[in-house]
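Thanks for asking me to look this one over.

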Amino acid sequence: AACDADPDVRAVVLASDGKPFCGGADLATPGGFGTEAADPIREFYDQALTIYAAKKPIVGAIQGAAVGAGLGLAVACDFRVAAPEARFVGNFTRLGFHPGFALTVTLPRLIGHQRALEMCMTSARYKPEDVAHWGLVDRLVPSGGAREGAHALAREIAENAPLAVVATRATLRAGLIDEVRLALEHEHAEQAKLRATADYAEGVASVFERRAANFTGR
């Protein structure tokens with residue numbers, strides 16, 4: 001919101017410190033969503049909506065793993081600049097969970113239905129070069145160069161007329177936030193149901209314990 005309100009800001013770089021870009025929500029620890037609210041997932045998704053409400057273009061600097069909700073955060077950006085160490089993982093079914101962060105809308109919109117289906121059904125890990133031709137990665141950069149590359153792309157955007165950039169982006173994203181809002185409501189309901197299953201408990205435990213899961217369909 002502050003970036004949108006600042007006329008000197010023409011593009012935004014979304015980056016993180018450390019090895020991963022975003023490892024997703026902490027599903028194993030009570031309060032792992034960072035809130036003690038009665039419905040922490042709902043509050044988490046309310047904050048996700050603020051990203052989609054942004055008016056100025058966002059370039060993601062993906063220097064490491066973008067997993068689960070971290071994949072959703074990466075996809076929420078207009079562009080993704082990725083280093084070789086980046087990994088893209090929609091591991092929800094591996095956890096016995098349902099995709100969230102509006103990925104059921106944003107991922108097919110970005111890379112197509114069939115590829116999104118593959119990512120969500122397999123919970124596989126993808127390297128940047130595997131998904132660049134899908135449109136999930138816009139620019140590949142050398143190791144350690146994600147943030148520099150993201151700033152370079154942001155500068156290219158910022159050289160253009162700011163009112164025209166904002167207006168063009170709004171046209172290209174017309175209706176997206178409404179689709180995201182509806183997707184978050186549906187995903188939240190499905191996650192609430194699956195969170196009560198034995199498979200969800202097993203999925204989270206198996207990831208935490210670094211072992212193969214034994215799902216029973218209960």
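1. Let me begin with helix 2, whose buried residues pack against helix 3, helix 4 and helix 9. Those buried residues are Pro40, Ile41, Tyr45, Ala48, Leu49 and Tyr52. Please keep in mind throughout that this is a predicted model.

2. With 13 residues at 1.5 Å a residue, helix 2 should span 18 Å, and the distance of 19 Å between its end C-alpha atoms agrees with that.

3. Helix 3 gives the largest share, with six residues. The core has 41 residues, and the members that touch the most others are Ile62, Phe88, Leu107, Met119 and Leu136.

4. Leaving aside residues up to four places away in sequence, leucine 136 touches Val75, Arg80, Phe88, Leu107, Leu110, Ile111, Met119 and Val131. Apart from this core lies another one, of twelve residues, including Val59, Ala83, Val141 and Ile157.

5. Strand 1 and strand 2 run parallel and share three bridges, with leucine 14 opposite glycine 60 of strand 2. Strand 2 (residues 58-62) is joined to strand 4 (residues 79-82) by four bridges, again in parallel; here alanine 61 has valine 81 of strand 4 as its bridge partner. Strand 4 then pairs with strand 7 (residues 139-140) in the parallel sense over two bridges, and alanine 82 stands opposite leucine 140 of strand 7.

6. There is also an open sheet of three strands, ordered 3-5-6, and its pairing is mixed. The edges are strand 3 (65-67) and strand 6 (125-126), each of which pairs on one side only. Strand 3 runs parallel to strand 5 (residues 87-89), and three bridges join them. Within that pair, alanine 65 has arginine 87 of strand 5 as its bridge partner.

7. Helix 10 also has a buried set: Asp199, Tyr200, Glu202, Gly203, Val204 and Ser206. The buried residues of helix 10 pack against helix 9.

8. Is glutamate 202 buried or exposed? This residue of helix 10 counts as buried because its relative accessibility is 17%, and the cut-off for buried is under 20%. A polar atom of the glutamate 202 side chain lies 2.9 Å from the backbone nitrogen of asparagine 214. Not counting residues up to four places away in sequence, glutamate 202 touches Arg211, Ala212, Ala213, Asn214 and Phe215.

9. How many disulfides are there? The count comes to zero, where a disulfide needs two cysteine sulfur atoms within 2.5 Å. For cysteine 3, the nearest cysteine sulfur is that of cysteine 77, 12 Å away. Cysteine 3 is partly exposed, with a relative accessible area of 34%. For cysteine 77, the nearest cysteine sulfur belongs to cysteine 22 and is 11 Å away. Cysteine 77 is buried, with a relative accessible area of 4%.

Notes: Residues numbered from 1 in each chain as written. Predicted model: local features only at pLDDT ≥ 70, side-chain atom pairs only at ≥ 80, totals over all residues. Heavy atoms only, no water. Core = buried A, V, L, I, M, F, W, Y, C linked by side-chain atoms within 4.5 Å. Buried < 20%, exposed > 50% of the residue type's maximum accessible area, 1.4 Å probe, protein only. Contact = heavy atoms within 4.5 Å. Pairing = 2+ DSSP bridges. Polar contact = N/O pair within 3.5 Å; in protein donor to acceptor, adjacent residues only side chain to side chain. Expected span 1.5 Å × (residues − 1).
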